[in-house]
Amino acid sequence: MTSRLDYCNALLGGCPASSINKLQIVQNAAARVLTRSRKYDHITPILKSLHWLPIRFRISYKIALLTYKALNGLAPAYLTSLLPRYNPSRSLRSQNSGLLVVPRIAKSTKGGRAFSHLAPKLWNSLPDNVRGSDTLSLFKSRLKTHLFSQAFK
């Protein structure tokens, strides 16, 4: 069930909550069926017990994963070209932190949903230990742990 919810969900990055909520309702229903919970039981503990990230965090997971792959030569070159690394003009502590340049966009356009804007913004918000993961499997594990702690504070 969850793989169906994840199919192409990275395209929903930056969409209004009203669009994402429709998928969240489907995920909630699936979680209730799986756990045999009642319709009015609070969903957060149910999702947490299943170790399922809510939809908006699943979207962030997919975008961050694609970003990691692009930065490490595991994705098509055209994606890598959309992610320029941050290189300050003078020596700063942040120069070796693995940050990306977030391109400026006009607030009135849909440019904020573009991978070239969304991916660096999300990437830069990740903790250093997640961004600095040496392997894909370590990155996935740390990323899910980080997003899980954000989702279920």
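1. Ground rules. Numbering starts at 1 along each chain as its sequence is written. This being a predicted model, local features need pLDDT of at least 70 and side-chain atom pairs count only at pLDDT 80 or more, while totals for chains, interfaces and linings use all residues, and side-chain values use heavy atoms, with hydrogens and water left out.

2. Confidence. The protein's average pLDDT (the predictor's confidence in each residue, from 0 to 100) is 90, and 92% of the residues score at least 70.

3. Fold. There are eight helices and zero strands, counting DSSP runs numbered from the N terminus (H or I, at least four residues, for helices; E, at least two, for strands). The C-alpha atoms fill a box of roughly 60 × 35 × 30 Å along the principal axes.

4. α2 against α3. The axes of α2 (residues 17-35) and α3 (residues 43-50) come within 10 Å and cross at roughly 70°. Axes here are lines fitted to C-alpha atoms, for helices over the stretch in contact, with angles from 0 to 180 degrees between N-to-C directions. That makes α2 roughly perpendicular to α3 (65 to 115 degrees; under 35 is roughly parallel, over 145 roughly antiparallel, the rest oblique). The contact (heavy atoms within 4.5 Å) includes Gln 24, Gln 27 and Ala 31 of α2, with Ile 43, Ile 46, Leu 47 and Leu 50 on the α3 side.

5. α2 against α4. Here the angle is about 110° and the axes are 9 Å apart, so α2 and α4 are also roughly perpendicular to each other. From α2, Ile 20, Leu 23, Gln 24 and Gln 27 meet Ile 55, Arg 56, Arg 58 and Ile 59 of α4.

6. The largest pocket has a volume of about 380 Å³. A pocket is an open set of points on a 1 Å grid over the protein atoms alone, where a 1.4 Å probe fits, with protein on both sides within 12 Å along at least five of seven lines; lining residues have an atom within 4 Å of a point. The volume is the space filled by probe spheres set on the points, which are joined across faces, edges and corners. Of its 18 lining residues, Gly 14, Ser 60, Ile 63, Leu 118 and Leu 122 lie nearest the centre. Elements giving two or more residues to that lining are α4 (55-71), α6 (115-125) and α8 (136-151).
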